[in-house]
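User: I would like to learn how to read features such as helix faces, metal sites and strand pairing from a model. Could we work through one example together?

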Amino acid sequence: MPSDASSVLLFFIDGLGIGARGPFNPLDGLEGAEPLAIFADEQATTIHEGIVVPTDARLGVEGRPQSASGQTTILTGINVPQLLGYHKQGFPNAEMLEILRNHSIFLQLTRAGVGPITFANTYTQRFFDERPRWVSATTAAMEAAAVPFRQVADLKAGCAVFHDFTNQLLIERGEDIEPRSAEQAAQVLASLASEHKFTLYEYFITDKIGHKQDVQLARTILQNLARLIRELLVRIDLDRTSVILTSDHGNIEDLSSRNHTLNSVPTIVWGLNRIQIAKQIKTLADITPAILQTLMQKTASHQ
Ligand SMILES: [Zn+2]
């Protein structure tokens with residue numbers, strides 16, 4: 001097991017590409033959108049010395065990039081669309097589940113003796129009671145690697161975040177729980193990242209809003225998400241943690257269509273080993289190898 005204290009937080013945002021400016025891009029002209037305000041054909045600079053890497057989500061396969069194949073690629077380092085010959089929306093099918101069960105980043109880290117690892121998101125009792133027929137790429141990967149699920153009790157104890165980090169959707173479902181500010185959620189994520197070698201957080205509302213084509217709602221959501229990231233970056237120890245933000249495909253950056261876009265996605269790398277990590281990333285298939293390499297090297301270098 002590596003003796004250094006390095007750790008990685010992977011911050012996954014569903015459906016966020018790098019789009020051109022214009023009336024259909026909710027990030028254009030949006031106040032408080034840093035670090036998400038990244039536009040096509042513009043030199044991208046960002047806060048806290050982050051490095052922006054436009055990342056290919058099309059993966060050499062015709063058609064629009066989709067969630068199941070993109071997420072399976074991010075979580076395994078295998079170019080799944082290229083291997084299987086198609087992009088797949090929604091939840092992973094049997095072929096993708098097989099790949100996730102054998103090659104997920106959780107499993108690769110565990111096999112290499114790197115831990116502890118965790119998924120920061122909260123699962124509700126309803127998930128366990130009504131076990132859905134289709135599960136997300138992350139859920140399948142966690143189960144195969146025996147990573148414990150964080151639950152509402154963990155959230156209440158300050159050791160988990162809901163995918164909607166404000167807790168609003170949980171409260172609307174009748175959970176007896178307090179709303180959370182971006183600052184509070186950021187503190188929980190920073191604590192989890194300090195206690196684990198690898199922490200994953202997933203945010204999905206961006207993709208849902210992209211399909212709804214609601215510009216005003218998109219702007220509100222993106223502003224609050226950007227605030228969470230800024231608050232996280234001031235709370236997390238960037239001297240020992242690499243923060244990697246990425247997405248599976250474009251969507252919310254172009255509300256002229258309800259479809260996913262063909263745009264590259266923004267990978268942004270902050271903190272420890274950021275230059276080394278950023279250099280390795282060209283496509284979604286490069287995320288897992290870059291994380292493995294940074295967590296498995298003996299002496300992490302400060303940059
Ligand atoms: Zn997606």
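Analyst: Helices (H or I, at least four residues) and strands (E, at least two) are DSSP runs, numbered from the N terminus. This is a predicted model, in which local features need pLDDT of at least 70 and side-chain atom pairs count only at pLDDT 80 or more, while totals for chains, interfaces and linings use all residues. Residues are numbered from 1 along each chain as its sequence is written, and side-chain values use heavy atoms, with hydrogens and water left out.

User: Is Ala146 buried or exposed, and which residues of α6 are buried?

Analyst: Buried means under 20% relative accessible area, exposed over 50%, and partly exposed in between, with a 1.4 Å probe and protein chains only. Ala146, in the loop between α6 and β5 (150-151), counts as exposed at 64% relative accessibility. In α6 the buried residues are Ala137, Thr138, Thr139, Ala140, Ala141, Met142 and Ala145; seven of the nine residues are buried, so α6 is largely enclosed by the rest of the structure. Asn167 also has a positive phi, about 75 degrees, although it is not a glycine, and this residue is buried, with a relative accessible area of 1%.

User: How do I read the faces of a helix, and where do the buried residues of α3 fall?

Analyst: An α-helix has 3.6 residues a turn, so residues three or four places apart point the same way. In α3 (residues 94-103) the buried residues are Met96, Leu97, Ile99 and Leu100. Seen down the axis, they fall within an arc of 160 degrees (taken from the directions from the helix axis to the C-beta atoms), so they line one face of the helix. They pack against α1 (67-76), α2 (80-84) and α6 (137-145), where contact means heavy atoms within 4.5 Å.

User: Which residues are the protein donors of the zinc ion, and what is their arrangement?

Analyst: Donors are N, O and S atoms within 2.8 Å of the metal (3.2 Å for Na, K and Ca), and water is not among the atoms, so sites may look incomplete. Here the protein donors are Asp14 (OD), Ser67 (OG), Asp248 (OD) and His249 (NE2), lying 2.0 to 2.2 Å from the zinc ion. Ser67 in helix α1 and Asp248 in the loop between β7 (241-247) and β8 (265-271) link distant parts of the chain, being 181 residues apart. Ideal angles at a metal are 109.5 degrees for four tetrahedral donors. Four donors count as tetrahedral if all angles lie between 85 and 135 degrees; the four donor atoms around the zinc ion subtend angles of 100 to 129 degrees, which makes the arrangement tetrahedral. Ser67 is buried, with a relative accessible area of 7%, and Asp248 is buried at 0%.

User: Which strands pair with β8?

Analyst: Two strands pair if DSSP finds at least two bridges between them. Five bridges join β2 to β8, which run antiparallel, with Val53 opposite Thr267 in β8. β7 and β8 also pair in the antiparallel sense, over four bridges, and here Leu245 stands opposite Ile268. β8 is mostly covered, with seven of its seven residues buried.

User: Finally, which peptide bonds are cis?

Analyst: A cis peptide bond joins Glu34 and Pro35, with omega about 5 degrees, and Pro35 lies in the loop between β1 (7-13) and β2 (51-55). The bond from Gly115 to Pro116 is also cis, with omega near 0 degrees.

Note on methods:
Tetrahedral: all angles 85-135°; square planar, octahedral: opposite > 155°, others 65-115°.
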